Amino acid sequence: MITQKVTATPRIGLLMATCNQGKYLNTAILSLLSQTYPHFSLAIVNDGSTDRTQTILNQYQDPRIQILQTPQVGQIKALNVALDKGKPANYYMVVYPTAIYIPKCLERLVELLFQYPHASG
């Protein structure tokens, strides 16, 4: 078995698309901002929401968060916008506005990437 020594800290790009999910959005964002792994950015695309989504997004002034907008193009196209316009990263992960992420989620994923380098792709 080949093992890889961690010589650099990988940056994780989190990609989120949301449309009218303001009810859950704050909880998801706070769980991501509470990660123990600090080397990440979060690109959130408001995909034409008509609820309070934009108001909720405007409350965040964290430099790790980038807020983008599309005119309701659908989840896949909105995620592509997040990928294209978000900050560069070594790895990308789609995250969901209706999910809650445990604080060590990213830390554990990075550990697994280095433990099983052949599994990433």
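**View 1. Contacts across the chain.** In this predicted model, residues 24 or more positions apart account for 75% of the contacts with a separation of 6 or more in the protein chain; a contact here means heavy atoms within 4.5 Å. Local features need pLDDT of at least 70 and side-chain atom pairs count only at pLDDT 80 or more, while totals for chains, interfaces and linings use all residues. Residues are numbered from 1 along each chain as its sequence is written, and side-chain values use heavy atoms, with hydrogens and water left out.

**View 2. The order of helices and strands.** Four helices and four strands make up the set of elements in the protein chain, and along the sequence they follow the pattern β-α-β-α-β-α-β-α. The radius of gyration is 15 Å, close to the 14 Å that the globule rule gives for 121 residues, so the protein chain is as compact as a globular protein of that length. That radius is taken over C-alpha atoms, and the globule rule is 2.2 Å times the number of residues to the power 0.38. Helices (H or I, at least four residues) and strands (E, at least two) are DSSP runs, numbered from the N terminus.

**View 3. The largest nonpolar core.** Which residues have the most contacts inside this core of 23 residues? They are Leu14, Met16, Ile29, Leu42 and Val95. At least two core residues come from each of β1 (12-18), α1 (22-33), β2 (40-47), α2 (53-58) and α4 (105-115), and α1 gives the most, with five residues. A nonpolar core is a set of buried Ala, Val, Leu, Ile, Met, Phe, Trp, Tyr and Cys residues joined through side-chain atoms within 4.5 Å. Buried means under 20% relative accessible area, exposed over 50%, and partly exposed in between (1.4 Å probe, protein chains only).

**View 4. Around Val95, and a second core.** Leaving aside residues up to four places away in sequence, Val95 touches Leu14, Leu15, Met16, Leu32, Leu42 and Tyr101. A second, separate core has eight residues, including Leu15, Ala43, Ala78 and Ala82. Across the protein chain, buried residues make up 40% of the 121 residues.

**View 5. Two loop residues with positive phi.** Look for Asn20 in the loop between β1 and α1. Its phi is near 55 degrees, a positive value in a residue other than glycine, and at 34% relative accessibility Asn20 counts as partly exposed. Gln72 lies in the loop between β3 (65-70) and α3 (75-85). Phi of Gln72 is also positive, near 55 degrees.
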